[in-house]
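Hi everyone, thanks for coming. Could you bring up the sequence and the structure on the screen, so that we can walk through them together?

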Amino acid sequence: MIVLWAVLGIGLSLAFELVLGRFAPGATRYVALMTLPLVAYALRTSQRSSMVVGCASGLLEDYWIEPRLFGLNGLVKTILGWAMGGIGARFDLNNFWGRFASGASVHLVDEGLQTALRRLFGEIVAPVGVASLGIRAVAGGLLTAAVLAIVSKFGTSRRATRQKNRKA
Amino acid sequence: MAAVSSARANALLLGVMTFAQLLLMAASVRGGMAASAVAAVVGVASRPAVTPERTVSGILLDVVHFFRDVHADEIENVKLELEVTRLSGELERTRELAQENTRLRRLLGMHEDLAPKSIGASVVTARLAGQSRVILVDRGATDGVRPDMAVVAWGGAVGRVVSVEKGFARVRLLSDPNSGASGVIARSRAEGMIVGRGGEPMEMIYVPKYADVVVGDRVITSGLDGVFPRGFGLGRVTVVGEPVGASKSIRLEPEVDDRAVEDVLILLEPSGTRLLAPEEPEARP
């Protein structure tokens with residue numbers, strides 16, 4: 001069941017990422033929707049599953065959007081899944097501020113790691129502006145908090161319906 | 001004990017996945033078969049998510065266009081009436097200039113530029129991040145698109161095809177930090193290289209420090225890079241910096257707004273880049 005939810009989450013994230021790129025391409029500079037399944041799995045399940053989900057979503061992103069380095073986003077999101085999964089296992093971050101901080105830090109580290117890896121593979125990198133990083137962190141944090149709140153509400157209502165059905 | 005072994009197992013898994021993906025990246029840089037095979041598998045796996053997305057966003061786009069067009073048509077009508085009057089006068093002047101241009105071209109013995117052979121494409125999605133600025137277009141290998149073809153839009157140059165799949169192609173925009181195009185100032189013919197700076201304005205480098213460049217000058221493609229035919233707009237000069245060494249630093253406002261590109265032309269033949277044939281040596285008596 002966990003695999004099905006992961007596939008659904010990654011598929012939906014990819015679809016929304018492509019829609020965002022079509023209708024509001026400027027927003028893709030600040031939000032990375034493909035990090036959402038990774039953070040959701042890191043905060044709610046195990047470190048291993050968040051790594052695998054991160055790797056899968058990153059590779060999909062690479063296939064559709066990365067022009068040269070296939071595997072770049074996969075690698076970055078695997079590392080992020082490992083780090084966030086480790087933190088999520090030690091602290092209870094499944095509340096608004098925890099989700100916000102996780103989303104913001106994932107968005108920032110994602111940008112930093114991508115820049116470093118691009119430089120490692122001989123690409124020219126543009127200077128990163130502090131203002132755009134700030135906007136990215138806030139936008140990413142808010143988006144993550146909002147989406148995970150909706151997902152957990154949906155999860156709670158499903159659980160309640162299942163219990164009611166069982167009682168009936 | 002179990003927690004420690006689980007942490008170790010996860011660290012080991014991370015190591016293996018990192019190594020595998022580093023190999024994948026190295027292979028993709030070299031254009032290896034392994035990277036293409038993995039990419040093909042990922043592409044097939046993601047089709048179920050992308051196919052409905054394309055259908056839904058296509059319908060949404062049609063609805064948005066319908067309402068936008070109705071509003072725009074009314075304004076456009078008034079504008080067009082004024083424009084027709086103005087263009088009638090302009091047409092006369094252009095005819096004169098065209099005749100003069102033909103005469104001068106013949107005089108110089110230059111080749112006539114053919115209209116570049118091209119196909120239209122729609123933008124499927126875009127990624128305008130700081131370090132990677134790329135668009136996906138709905139034409140691919142089956143339509144004759146190949147890597148390194150120039151992509152232009154109404155108004156000017158957009159970017160270059162970097163990789164092609166069966167049904168779509170990835171286009172690296174001119175504003176990407178790894179993009180470059182050969183440009184020339186339309187007024188003074190000073191040449192330079194246009195490079196992207198991510199989200200920041202584009203830069204024109206290698207312009208000699210004594211070159212005549214002022215704010216507002218239009219920069220067009222020179223055709224010397226072998227990708228873009230000459231004459232496509234690149235941008236307008238917004239800042240002329242102090243010379244550093246032998247060259248000036250020039251900032252450009254792009255001619256085509258990356259965020260507003262919806263339809264593009266992929267140039268299948270860069271016919272404008274043909275160089276003049278070498279002159280025949282004069283026969284000696």
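This is a predicted model: local features need pLDDT of at least 70, side-chain atom pairs count only at pLDDT 80 or more; totals for chains, interfaces and linings use all residues.

Residues are numbered from 1 along each chain as its sequence is written, and chains are lettered from A and ligands numbered from 1 in the order in which they are written.

Helices here are DSSP runs of H or I with at least four residues, strands are runs of E with at least two, and both are numbered from the N terminus.

Let's look at α6 of chain A, residues 130–167.

Some of α6(A) is buried, including A:R136, A:G140, A:L143 and A:V147. Buried means that 20 or more other C-beta atoms lie within 10 Å of the residue's own; 12 or fewer is exposed, in between is partly exposed, and C-beta atoms are placed from the backbone. What do those buried residues pack against? Their partners are α2 (36–44) and α5 (96–120) of chain A.

Now follow α2(A) over to α3(A): their axes come within 8 Å and cross at roughly 175°. Axes are lines fitted to C-alpha atoms, for helices over the stretch in contact, and angles run from 0 to 180 degrees between N-to-C directions. The two helices are therefore roughly antiparallel to each other, a label for angles over 145 degrees; under 35 is roughly parallel, 65 to 115 roughly perpendicular, and the rest oblique. Among the residues making the contact are A:Y41 of α2(A) and A:V53 of α3(A). In contact means that the C-beta atoms, placed from the backbone, lie within 7 Å.

Next, the place where the chains touch. 43 residues of chain A are in contact with 44 residues of chain B. On the chain A side, α3(A) gives the most, with nine residues.

On to chain B, which has two helices and twelve strands. Of its 285 residues, 35% are buried.

Strand β4(B), residues 156–164, has eight of its nine residues buried, so it is largely enclosed by the rest of the structure. On one hand, β3(B) (residues 150–153) pairs with β4(B) in the antiparallel sense over four bridges; to count as a pair, two strands need at least two DSSP bridges between them. There, B:V152 has B:A157 as its bridge partner. The hairpin of β3(B) and β4(B) has two residues between the strands, and B:G155 takes a positive phi near 120°.

On the other hand, β4(B) pairs with β5(B) (residues 169–173), again antiparallel, over five bridges. This hairpin has four residues between its strands, and B:V164 stands opposite B:A169.

Last stop: which strands close into a barrel? Six do, in the order β6-β7-β8-β11-β10-β9 of chain B, with antiparallel pairing. Within chain B, β9(B) (218–221) and β10(B) (233–240) are joined by three bridges, and B:G233 is the bridge partner of B:I220.

Terms used: The expected span of a helix is 1.5 Å times one less than its number of residues. Two residues are in contact if their C-beta atoms, placed from the backbone, lie within 7 Å.
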